[in-house]
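Biologist: Could you take me through this model, one topic at a time?

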Amino acid sequence: MAAVPTTATAATGAAAPGRAGWLRGRYLTVIVLAAWVALWALLRGRDTLALGGAELTPLHTRLSEGMDAIDAGRNSNPLFLYFINYIRLFIDESVTFVQALISRPSFGRPVPVIGWLGVTGIATAVALLYGNRRTALLTAAGFASFGLLGLWEESMDTLALTLTAVVLALAVGIPLGVWAGLSDRVNRFLTPVLDFMQTMPTFVYLAPLTLFFLIGPASGTVATMIYATPPVIRITAHGIREIPVSTLEASTSLGSTRAQALRKVRLPLAKRTIIVGANQTIMAALSMVTIAALIDAPGLGKTVLKALQTLDVGTAFNAGLAIVIMAIVLDRVTSAAGRRVEAERRSGRARGTRARRIEAGLVLAATAVLVYLSHVYVWAAEFPGGAGLGSYVKQGAGAASQWAQDTLVTYTDALKNLITYGLLNPFQSLLAGSPWWLVALVVVALALLLAGARAAIVAGVSLVLLVLLGLWHDSMVTLATTLVATLIVMVLGVVAGVWMGRSARVDQVLRPVLDAGQTMPAFVYLVPILGLFGATRFTAIIAAVAFAAPVSIKLVAEAVRGVSPTAVEAATAGGSSTWQLIAKVQLPMARAGITLAASQGLIYVLSMVVIGGLVGAGALGYDVVAGFSQYQLRGKGLAAGLAIVVLGIMLDRIMRAAAQRAAARPAPH
Amino acid sequence: MAAPSLTAKSSPPATAPGADDPPILDVRGLWKVFGPRADRVVGTPLAELSRTELKQRTGCVAAVRDVSFSVRRGEVFVVMGLSGSGKSTLVRCLTRLVEPTAGQVRLDDEDVLGCGERRLRELRRHRFGMVFQHFGLLPHRRVLDNVAYGLEIRGTKKDDRYERAREVLELVGLAGFEGSFPDQLSGGMQQRVGLARALAVDPEVLFFDEPFSALDPLIRREMQNEVIRLHREVGKTMIFITHDLSEALKLGDRILIMRDGALVQMGTPDQVVGAPADDYVRDFVSDVPKSDVLTLPWIMRDPRPGEPLDGPELAPDTVIRDAARTVLSAGRPVKVVSGGALLGVVTTAEILEVIAGPDPDTTQDTTPDAASDPDPDGPDPVATDRDEDGRS
């Protein structure tokens, strides 16, 4: 152990011994890996703790029974009677109310209170008043397309759920964010909680939530809030915190009270940042609302899910398209609102000018007329013409998918086989085929070598937990898939990231694509990928890569761009070739950022594990999905969800500690 | 500790001669220690350690170490030091933007450090004003609202505060920019807004924390002259932080030099230049042309027997540079006269010695008598005569 520098010495940057220790660590790492392979060859297949698909351990049964007990206590347990049931009622009523307004027949009418024309009018007016003309046009076109695709009601359900969740998330998140921005103590308390909420794969808490809030809108909304509130809390706190000290000091030196400083300085200055936070929350909410279809939340997600289960690529694509359109509209409107706040401040235009008031009045009047029409006339209430465009889209997408499968099959199969046989299978048999104690030893040793004693302890505890959960074998299979996906993500991340970081033009082209990739709800990727590769482990890997790569690419690009221009200039002046520049200057100097990209990539990949289970990945993802649908497997599903969380915490801690070490270590020259 | 090194060479540290009025601001034994358990340092042997030793032993940084001084009403008091010397912390301790670790700060008879939160706010709202290095303006408010901010938070009615804000904007030469936003103005203009904001509440003491460091040299000089003009017009007590020696010499009635958190020397500009307290200050002022700062008492000598005493007369507060022409063209000793009494004479030899360096044959210390002689009759803005010289 003497070879491993403690975190403290590494952090103080004791250059020479730290570096020597690091090199020694590297040799030891190679030795550990070699020993693993050798022992695997000898002990293959022993103590692998494999568990069949329908097999249960006593723990799983107990979990099931525990869940039954909670179910049974719904109407007798005081926690339910006086607390949870009220929350559920409140949320259900809120969602139902919004649905009654825009999506469902209500109040004895055959149609919702506001029909398509009214909703489109309101949305357009909001875009016009808070954004600009272009976003208003986009909004009108977007909403019309929901009708044209034949998905008006589903879209409105999704919108209703999203809006309710967003309003609740903001009502909770903004005050909490302000509080965390003002108080270090609150911030210290909230940060790990938010970390946990964000790193925990979303599917994991879906099933337990239904225990408390039943299947339906309330569970969906709560799940969405859990997923969507952290961004607005974090970003609001950041906005409140990042206000220049000098500005606050000036205000204090004039004798502001704390309340005055908050109202007159902090909040106005943080306004734009808070809107950015709201934008993030809206996007996160939309993507979660789609996923909440798994627990029967209404809307477009359900359409996609049904289509996925029947492998109906056309229908899934059609609904996916509507989701993407909604994402784009919501994103553009909130971004434009943020920019408008800034622009108004810069141009120094007061809010209440006459022209603006007249414009607002006209827009509101026109909207009122449209809402009235849609309330009274059927043609303005129900989208006319049926799903004209939708059926073409379905047919077209179905045909395109079929064609692609038929024509590209040689290439896609080659790729699939290359990755599966070249990388995935060996890796999986190494991880899942070794005795569990051997894998555990190797992981702890590696954590110790790469990330230090604390990470090694976390790893050890996590591995024991995985054994106790009775899902060791499945966890190892999932780990193999996850690591392979992360490897691909990082290869993509480094190649594209370096390219982007070095060339402004590439950045310009790639960035919008990556942005779209990030804002698109995860479900949507599955459709075309499933069409191309069928339901296999490889499909799950590709979906995870598609989800995680944009983040990693962006982070690597950011890190490469962050390399001091002087260093690059000096190296260029010294006659470095492009490759030398990349290999000897830019990549080494961007090491900390690249490590961060890897750890983020891994977390993103892990959060797709359950989605992978939907498209053939098996293992933990499948266990969770099966837990949703089969009563007797729900205990196992819960255990699998916990196993995913444990895996995530373990990998996250190891990566983070390793990243900190990389950052503390002086760059090689 | 720096205080003991202040020997008879320079004036006593706190109360300058001739200051009979009680000081408006009186600071005694002020300490600010940052770090874990900072309150355990002052008053223990730890306090005697050097900054680096203290940092190593306790992890604490002593930003201000046992500083005492007092500021007279209407005076421009400059605190000068390099970055890290603790001068910005010192000024923040005075208004408790940073809470001092130990010591005493009195404004007139009030114990500033003993004030409750509410009383402190009252002081800040009515008696203190502060101008910051990075302006600290509110970007989302118009210039007019920025200037009126101090009045707004103390509850002045809208019309009244706007009226006052317009007045002050006029005073700092920004009339016509009321409706602009800060980021539409140049750095110099933004700092004028900062100045106007501080002046708007009509404070008794104005604190300047390196207000012109972020400005380019020409604008800086313009703003320095602006401060001198405002000081003449409104006569506020000003405490001015700077790292720029020429700025200190130009503006200060008295200068306090800090190093590593402690006071090194305090005195009038000519005392600092003519009689540096130690090598640190000497090194600091070595580039300053002495003839631009020192007054005649620093170089005059007693008339020798038989010397003609019918030459021109000059006042003792005349700067050497301004006296040079008279002395060189007089052809006989020039008398330094105050209130009819002959203080001494100055001849070509003395002038040349200051400008061209000491004559190797007659090297002698000119300071001993100078230190006791220069007798500033009240605050003497030595620097104001040198506005137009091109030094920066």
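This is a predicted model: local features need pLDDT of at least 70, side-chain atom pairs count only at pLDDT 80 or more; totals for chains, interfaces and linings use all residues.

Biologist: How many helices and strands does chain B have?

Modeller: Chain B has 15 helices and 13 strands; these are DSSP runs, H or I of at least four residues for helices and E of at least two for strands, numbered from the N terminus.

Biologist: Which residues of α6(B) are buried?

Modeller: They are Arg161(B), Tyr162(B), Ala165(B), Val168(B) and Leu169(B). Buried means under 20% relative accessible area, exposed over 50% and partly exposed in between, with a 1.4 Å probe and protein chains only.

Biologist: Why are they on the same side of α6(B)?

Modeller: Because they cover an arc of only 125° around the axis, the arc being that of the directions from the helix axis to the C-beta atoms. On the other side of α6(B), Asp159(B), Glu163(B) and Glu170(B) are exposed.

Biologist: What do the buried residues of α6(B) pack against?

Modeller: Their partners are α4 (143-147), α5 (149-153) and α7 (187-200) of chain B.

Biologist: Changing topic, where is Ser256(A)?

Modeller: Ser256(A) lies in the loop between α11 (245-253) and α12 (258-291) of chain A.

Biologist: Is Ser256(A) buried or exposed?

Modeller: Ser256(A) counts as buried because its relative accessibility is 9%. Apart from neighbours within four places in sequence, the residues in contact with Ser256(A) include Arg121(B), Arg125(B), Tyr149(B) and Ile153(B); contact means heavy atoms within 4.5 Å.

Biologist: And how much space lies in the largest cavity?

Modeller: About 130 Å³. A cavity is a set of points on a 1 Å grid over the protein atoms alone where a 1.4 Å probe fits but cannot get out, and lining residues have an atom within 4 Å of a point. Grid points are joined across faces, edges and corners, and the volume is the space filled by probe spheres set on the points.

Biologist: Which helix supplies the largest share of the lining of the largest cavity?

Modeller: That is α20(A), with four residues.

Terms used: Residues are numbered from 1 along each chain as its sequence is written. Chains are lettered from A and ligands numbered from 1 in the order in which they are written. Side-chain values use heavy atoms; hydrogens and water are left out. On a 1 Å grid over the protein atoms alone, a cavity is a set of points where a 1.4 Å probe fits but cannot get out, and a pocket is an open set with protein on both sides within 12 Å along at least five of seven lines; lining residues have an atom within 4 Å of a point.
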